[in-house]
Amino acid sequence: MDTSERLVESLERLGVERIFGYPGGRVIELFDDLPESDIELVRPRDEREASVMAEMHGRLTGSPGVLAGQGPWIGSLGLIGQMEARLASSPMVAITEASERGNYSTIAPYQQSRGDYGGLELPKILDAVTKEHWFPRTSTETIRSLQLAFKHATAGRPGPTAVILDGDAVTEEYPDDVLPPVWDEETQTRTWKAAPTPRDVATAVEALEAAERPVIISGNGVHASGAYDELRETAEAYNAAVVTSYLGKSTFPETHRLAGGVIGSFGHEGANQLVSEADVLLVVGCRMNPMDTNWQAPEFIRPDEQTIVHADIDPRNAGWVYPADVGLIGDAAESLRELVASGGNDNDWAEDRTQTARESFTAPECESDVAPILPQRAIKEIERVVDEDTIVTADSGNNRFWLLNYLQVPAVRTYYGSGGVGGMGWATPAAVSAALATDKHVIGVAGDGGFAMTMTSVETAVEHGVAPTFVVLNDTSLGMVRQMQHGPDDISGVEFHDTDFTRVAEAFGAIGVRVQTPDELGDALSDAKESDVPTVIDVRIDREQDMAETLQSSFYASVGGLHE
């Protein structure tokens, strides 16, 4: 067989069920062999959408999502999903190529991406984003590199890796006997889980058992580890309140008696107050980015007054933002399992305080019947159709902050948002990917700006026979930026032409519905959940509801607030 056939065989052995990509360059050889395999090709309208679909597949399943396409476009359009994967710790493998042109590569090159004179340098582009990348020059190096890409995508902190195919190495015959050998895929890609040391566990247990006001901050690392049961068992063993970061939302049911909500600049005031009041903080799989920490407002987290136990897969991350008293270095599930086995606590603080904190999930606006629909009420209508068999994907902008505040998720793995790098246009292709990977109902929520960026993903859903619901919170503007204005027309480029997304949906073969009242939205969501065709719901919301003014935390305000 030639090397491209061996690549496809290797992908099958690695358990790859689908590839997200767009044909071009030397990747065409790979795509040429896919029809003879059991691997499904999902080909959206461009590499950006494919990259988000691959990232979401990795985030949701824990197995690397595979992105494939021509080098210049994987290194440009396709970077959005790879950047999100890097910062959201999603396992992902990009298979691309250098578009090398043989004897023409150094002569006024066209699309040349291997870094010769006059050309682009794809390895440098990918080096800035991926965990690791390989540029193999022989057949055996190509297969070995693919195996290593899968290994490193999941080893330690998950993330994106890339293999850049080069010239004849893809098309030449694959040798039968080589030195050094190419091992089988299972052997070469095996990884092991790290666990904290007994001494560090004992120190952490001592702090948690002595705590009068213990609080757990659960981050995306709990999603990455699948440590949902271990997190719940730890919270119940130590009677600790649980709050989450934005990316950690749905690592813990927000209806649980110990749930306190989402922390951060535009998170729940109740959750932020819990963290401030804690005497011991157990941080699990959270990188504590500026949004999470209210831009390090001095009265929010206070290392001089609070004991901080930081559990993370990477020893560099424990105590990265705030000095930690003890680090639990290892897989989140392993660290939490050790804490449950080693101790416990009983206090009368956490359950009473979390009950009060959960009041932040509601507001008078959530019950309003006015039209256009208030965004708070729109989220509560979405909440009514969300159960443990539903997945919500959230875009960037105002919509994600309305969602994280007013969508009280009932179960784990029910909410995922664009919050690694936080790019707009993520929610729609991510919803398609989630529908392909699971048998759950999926609701993708975006503003009209983000939805328009990647709305051709609706066509991909139609083509592959899945039926997500796409909710467009439409204020005919870039709402979050528009609301930063100090006066009318203060910032250019914030207003949009009023696009009829219902007609767009119908053109793609989906159902399109425009709603202007809460009752219409509730009916449309219920109908969409029962439909076997994708539905786009164009929700006309009140554009005067100011997200930042409504949701900005008191801690964030204390350091200046939005863009101050």
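Reply: A term is needed at the outset: a residue is called buried under 20% relative accessible area, exposed over 50% and partly exposed in between, with a 1.4 Å probe and protein chains only. Helices (H or I, at least four residues) and strands (E, at least two) are DSSP runs, numbered from the N terminus. This is a predicted model, in which local features need pLDDT of at least 70 and side-chain atom pairs count only at pLDDT 80 or more, while totals for chains, interfaces and linings use all residues. Residues are numbered from 1 along each chain as its sequence is written, and side-chain values use heavy atoms, with hydrogens and water left out.

Me: Which residues of α22 are buried?

Reply: They are Pro518, Leu521, Gly522, Ala524, Leu525 and Ala528. Seen down the axis of α22, these buried residues fall within an arc of 165° (taken from the directions from the helix axis to the C-beta atoms), so they line one face of the helix.

Me: And what is exposed on the other side of α22?

Reply: Asp519, Asp523, Asp527 and Glu530 are exposed there.

Me: What covers the buried residues of α22?

Reply: The cover includes helix α15 (375-383) and the strands β15 (441-447), β16 (469-474), β17 (511-515) and β18 (535-540). Contact here means heavy atoms within 4.5 Å.

Me: Changing topic: in what order do the strands of the sheet with β7 run?

Reply: The order is β9-β8-β7-β10-β11-β12, an open sheet of six strands with parallel pairing. Two strands pair if DSSP finds at least two bridges between them. At the edges stand β9 and β12 (326-329), each with a single partner strand, so one side of each has no neighbour in the sheet.

Me: How many bridges join β7 to β10?

Reply: Five bridges join strand β7 (residues 214-218) to strand β10 (residues 280-284). Isoleucine 217 has valine 283 in β10 as its bridge partner. Helix α12 packs on this sheet, touching β7, β8, β9 and β10, and its direction makes about 110° with that of β9. Axes are lines fitted to C-alpha atoms, for helices over the stretch in contact, and angles run from 0 to 180 degrees between N-to-C directions.

Me: What is the order in the sheet with β1?

Reply: That open sheet of six strands has the order β2-β1-β3-β4-β6-β5, and its pairing is parallel. Its edge strands are β2 (40-42) and β5 (132-134), each pairing on one side only. Helix α7 (residues 139-154) lies across β3, β4, β5 and β6, at about 170° to β6.

Me: How many aromatic pairs are there?

Reply: Rings of Phe, Tyr and Trp (its six-membered ring) pair if their centres lie within 6.5 Å; planes under 30 degrees apart count as stacked, over 60 as edge-to-face and the rest as tilted. By this rule the count is seven aromatic pairs. In one of them, tyrosine 246 and tyrosine 415 have ring centres 6.1 Å apart and planes at 85°, so the pair is edge-to-face.

Me: Where do tyrosine 246 and tyrosine 415 lie?

Reply: Tyrosine 246 is in the loop between β8 (241-244) and β9 (259-262), and tyrosine 415 is in strand β14 (residues 415-417), so the pair ties together parts 169 residues apart in sequence. Tyrosine 246 counts as buried at 9% relative accessibility, and tyrosine 415 counts as buried at 1%.

Me: Which residues do ring pairs link into a cluster?

Reply: Phe266, Phe401 and Tyr556 are linked in this way.
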